[in-house]
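Please open the model in your viewer and keep the sequence panel beside it. The stops below are meant to be taken in order, with a new selection at each one.

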Amino acid sequence: MSIDKGVRIDAKGRKHSGPKGREAESLRFETKLLHFGGEIDRATGASSVPIYQASTFHHEDIYQPPLHDYSRSGNPTRQALEDYIALLEGGVRGFAYASGMAAISSSFMLLSAGDHMIVTEDVYGGTYRLLTSILNRMGIESTFVDMTDLDQVKAALKPNTKAVYMETPSNPTLNITDIGAVTDWAKEHDLLTLLDNTFMTPYYQRPIEFGVDIVIHSATKFLGGHSDVLAGLAVARTEELAGRLKQLQNGLGTVLGVQDSWLLMRGMKTLGARMAHSEESAAKLAAWLQGRSDIERVYYPGLLNHPGREIHEKQSSGYGAVISFDVGSGERAKQVLNQVKLPLVAVSLGAVESILSYPAMMSHAAMGEQVRHERGITDGLLRFSVGLEDVDDLIADLDQALAGSRY
Ligand SMILES: *Cc1c(COP(=O)(O)O)cnc(C)c1O
């Protein structure tokens with residue numbers, strides 16, 4: 001073991017304990033999760049990055065400022081996390097924010113008044129609200145399109161279009177966008193491409209490999225993985241974009257605190273094991289649901305009849321751990337929610353414990369009923385984020401809840 005592991009010298013000759021050495025980049029993904037360059041404290045050899053609970057840094061020599069001078073602009077604990085996610089996504093630089101929405105809103109600040117953005121119509125609800133009730137007031141307009149249809153994306157192009165925003169698989173009906181096709185087209189028109197990769201995580205999907213400019217996460221979900229930390233991450237594909245994101249993160253002050261940065265890294269180390277286990281259970285649960293005659297419809301990218309499955313397989317190495325299914329009516333959905341014993345009944349997803357949520361009354365409650373139904377978010381739709389419980393217990397629990405509700 002060398003405590004100098006992963007040390008990188010930047011252009012100004014300063015040392016970073018980041019993962020930018022060729023060593024970390026050439027490792028396989030599962031190994032990168034543990035050996036990302038910041039896993040050992042350089043000064044002491046301690047087995048985790050110290051929590052640098054400091055807002056400011058002493059200038060020992062005024063002519064040679066310290067590497068970090070103020071924690072909004074940079075902090076070694078947050079830096080380790082930012083280098084970690086950049087390594088996992090294959091980008092040049094990462095950024096950590098107070099929440100997924102802080103990551104998304106800070107990234108949108110790359111645009112200016114008068115700019116137009118093309119956005120997937122089943123974008124995360126908070127992103128929709130940000131675009132339609134805040135950014136619209138700042139003169140940034142957006143058009144929402146069905147991104148499973150490239151023609152709709154193309155038709156939305158305007159002279160002032162500057163960016164395309166993707167989310168795949170989408171929430172909660174797991175629609176698939178062809179990342180490469182949309183990105184190639186966007187590049188022909190000099191548009192910035194952004195993608196919310198929360199559902200897949202870099203374990204299954206690395207959009208930068210398809211040319212996407214900025215990958216965004218609600219790290220509150222699978223990356224953190226334990227329903228105990230709220231955080232957001234972004235990764236830039238190019239140095240030019242990284243510089244602009246850095247200026248925005250520092251200027252807006254939307255940074256993640258050091259305790260949460262540490263907690264998030266702790267969660268991320270087990271990402272591979274958690275995703276693999278949950279996915280295996282999700283596949284089993286989805287097949288079981290599909291085999292029932294009292295379930296109207298099951299949405300899971302791993303099912304053979306899932307729309308866009310072939311495209312998904314081209315760009316992802318797995319199907320994830322989120323399943324949506326329609327139990328037939330709102331009345332039955334509520335009965336099931338009240339009768340399940342194992343999953344947390346809650347908003348959110350991507351945790352060690354299973355989480356069952358009810359889009360019509362929770363995440364998508366603000367959406368008009370007609371639009372909601374058009375998007376497949378029916379009154380009977382439930383979303384199951386599969387955790388690490390024994391899947392047979394999850395199935396038995398869901399079985400008793402379904403049996404005890406009226407179809
Ligand atoms: C939860 C979520 C967000 C928002 O993240 P927060 O951490 O809650 O701010 C954004 N996108 C997706 C897909 C999400 O699931």
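The tour goes from the ligand to the domains and then to some backbone details.

Before selecting anything, note that this is a predicted model, in which local features need pLDDT of at least 70 and side-chain atom pairs count only at pLDDT 80 or more, while totals for chains, interfaces and linings use all residues. Residues are numbered from 1 along each chain as its sequence is written, and side-chain values use heavy atoms, with hydrogens and water left out.

**The ligand**

Select the ligand and display the 13 residues that surround it, of which the closest are Gly-100, Met-101, Asp-196, Thr-220 and Lys-221 (a residue counts as near if one of its heavy atoms lies within 4 Å). By class, this shell divides into 5 nonpolar, 5 polar and 3 charged residues (Ala, Val, Leu, Ile, Met, Phe, Trp, Tyr, Cys and Pro count as nonpolar, Asp, Glu, Lys and Arg as charged, and the others, Gly among them, as polar). Colour helix 4 (residues 100-108) next, since it contributes the largest share of the shell, 3 residues (helices, H or I, have at least four residues and strands, E, at least two, both being DSSP runs numbered from the N terminus).

Now look at the oxygen atoms of the ligand: a polar side-chain atom of Lys-221 lies 2.6 Å from one, a backbone N or O atom of Gly-100 lies 2.8 Å from one, and a polar side-chain atom of Ser-218 lies 2.9 Å from one. Taken alone the ligand exposes 380 Å², and the protein buries 93% of that (areas by the Shrake-Rupley method with a 1.4 Å probe).

**The two domains**

Colour domain 1 (4-268) and domain 2 (273-403) separately; these bounds come from an automatic or database domain assignment. Their C-alpha centres lie 27 Å apart, and 29 residues of domain 1 are in contact with 38 residues of domain 2 (heavy atoms within 4.5 Å). Between them the domains bury about 2800 Å², 58% of it on carbon and sulfur atoms (accessible area, 1.4 Å probe, lost on being put together and summed over both parts). On the domain 1 side, select Pro-172, Tyr-204 and Phe-222, which supply 26% of the area that this domain buries against domain 2, more than any other three residues.

**Backbone details**

Which loop holds Pro-172? Pro-172 lies in the loop between strand 6 and helix 7, and the peptide bond that reaches it from Asn-171 is cis, with omega near -5°. Pro-169 is found in the loop between strand 6 (161-167) and helix 7 (179-188), and a cis peptide bond, with omega about -5°, joins Thr-168 to Pro-169. Finally, select Thr-201 in helix 8 (residues 201-204), where phi is near 60°, a positive value in a residue other than glycine.

Key. Polar contact = N/O pair within 3.5 Å; in protein donor to acceptor, adjacent residues only side chain to side chain. Buried area = accessible area lost by both parts, 1.4 Å probe.
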